[in-house]
Structures are given as C-alpha cells and as structure tokens.
Amino acid sequence: MEPYPKLGLRFGLGVPHGVTADLVVRPLPSLRLMAGPAWNYLSYGIQGGIALTPVRWYVSPVLEASAGHFFHSNMSSLYKPKPGDRLDPTQLLEKVAYDYVSGHLNLEFGSPRGFTFSMGVGLTWFWMTLHGSATALPDPAATGQPWTVTMSNPTVRAVIPSLRLGFLFYF
C-alpha cells in the first residue's frame, strides 16, 4: 500500500477561529501539524494546531488542539447606540485583539490519502484586553446620590463552546 501524503491544505470555518487556511504537515500517519492565516471579518490573525487521528478510515475521529491570535482591529462599528444609553463603549472597541486556545473532537469524512470534510465541536479558552476607557453616567431620573462608573483597559476571559468545519486536501 502506498504511503500517506505528507502535505496538505486545510480550509476551515469556525467560532471563534474565523476563516482559516492551513498548511498541513503529516510527519506520522496519525499526527498532523497545521499553521496558517485567519480572518474573522474584522481583522486578520494567525493560528496553528496539532491533530491526532488514531483511526484512519473513511469516517475517522480526530482529536485536535489549536491556538490563535487576532490582531488589533476597530470593532466600534459593531456598537449601535440607542437613545437613552448611559454607557458608550465605542472607545473600548477601537483597538480590539484576542487570543484563544481550543480543544475539539472532530469527525472526518473522506479519504485519508486525498480529500476529507470535517465537523468538530469543543471548548475554547478565550481572552482579550480592551484598550481605552468608558464611563457609565447616572440615570437622569434617579434620585439620591449621583454615581459614575469608569472602566479602563478591561480584560475579558471566557470559556465558550466552539464549532469548526473544514476541508482538507492532501497532495
């Protein structure tokens, strides 16, 4: 039987991974290393990962770990103020970057020597620091002591579910 191809290209779509394009290197039949650019509609990033395929057949389970970084972008266009809003986070959204680490269990359909389609679910550890500050003002109708809340460079950390679809071409 002929050996498995060592190189491939994978195109993916995921949350929070965005759209990805990876160069895939397979040093062992059950091990893949991947790296490439990513895009999330608002900014570009880089990402990479490792995948283990204990069973290689036309339907195969794949255990995958990946990490990525999205570079700073202006996301203030995502915020649409409403009349009466007392918090304006626009300045916080002008310089947003984020990092993530994901673990997925994928099912891969197709030939381990040619073309495969994969679907995966998992968890993502996600973190970012928003640069700048925002101030919340008191409700004009409130009585009593007026208050003001100011946030500067807040950090957001979360564990979120993640999904990933991919097409892998070996050559």
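1. Strand 1 (residues 7-15) and strand 10 (residues 155-170) pair in the antiparallel sense through eight bridges. Strands here are DSSP runs of E, at least two residues long, numbered from the N terminus, and two strands count as paired if DSSP finds at least two bridges between them. Leu13 stands opposite Leu165 in strand 10.

2. The model is predicted: local features need pLDDT of at least 70, side-chain atom pairs count only at pLDDT 80 or more, and totals for chains, interfaces and linings use all residues. Residues are numbered from 1 along each chain as its sequence is written, and side-chain values use heavy atoms, with hydrogens and water left out.

3. Trp125 stands opposite Val159 in strand 10.

4. The largest nonpolar core has twelve residues, among them Ala38, Phe70, Met75, Leu92 and Phe126. Such a core is a set of buried Ala, Val, Leu, Ile, Met, Phe, Trp, Tyr and Cys residues joined through side-chain atoms within 4.5 Å; buried means under 20% relative accessible area, with a 1.4 Å probe and protein chains only. Strand 6 (96-110) and strand 7 (115-129) each supply at least two residues of this core. The largest share, three residues, comes from strand 6. A second, separate core of six residues includes Val24, Met34, Val62 and Tyr170.

5. Val62 sits in strand 5 (residues 59-73) and is buried, with a relative accessible area of 1%. Beyond residues up to four places away in sequence, Val62 touches Arg32, Ala51, Leu52, Thr53, His104, Leu105, Asn106 and Glu108, where contact means heavy atoms within 4.5 Å.

6. The whole structure holds four salt bridges, each defined as a side-chain nitrogen of Lys or Arg within 4 Å of a carboxyl oxygen of Asp or Glu. One joins Glu64 to Arg10, with the closest N and O atoms 3.1 Å apart. This pair links distant parts of the chain, Glu64 in strand 5 and Arg10 in strand 1, 54 residues apart. Glu64 is buried at 4% relative accessible area, and Arg10 is buried at 7%.

7. Glu64 also meets Arg164 in a salt bridge (2.8 Å, N to O). Arg164 lies in strand 10, 100 residues from Glu64. Salt bridges that share partners join Arg10, Asp22, Glu64 and Arg164 into one network.

8. Glu108 forms a salt bridge with Arg32, the closest N and O atoms being 2.9 Å apart. Glu108 lies in strand 6 and Arg32 in strand 3 (residues 31-39), so the pair ties together parts 76 residues apart in sequence. Both Glu108 and Arg32 are buried.

Terms used. Buried < 20%, exposed > 50% of the residue type's maximum accessible area, 1.4 Å probe, protein only. Helix = DSSP H or I, 4+ residues; strand = E, 2+ residues; numbered from the N terminus.
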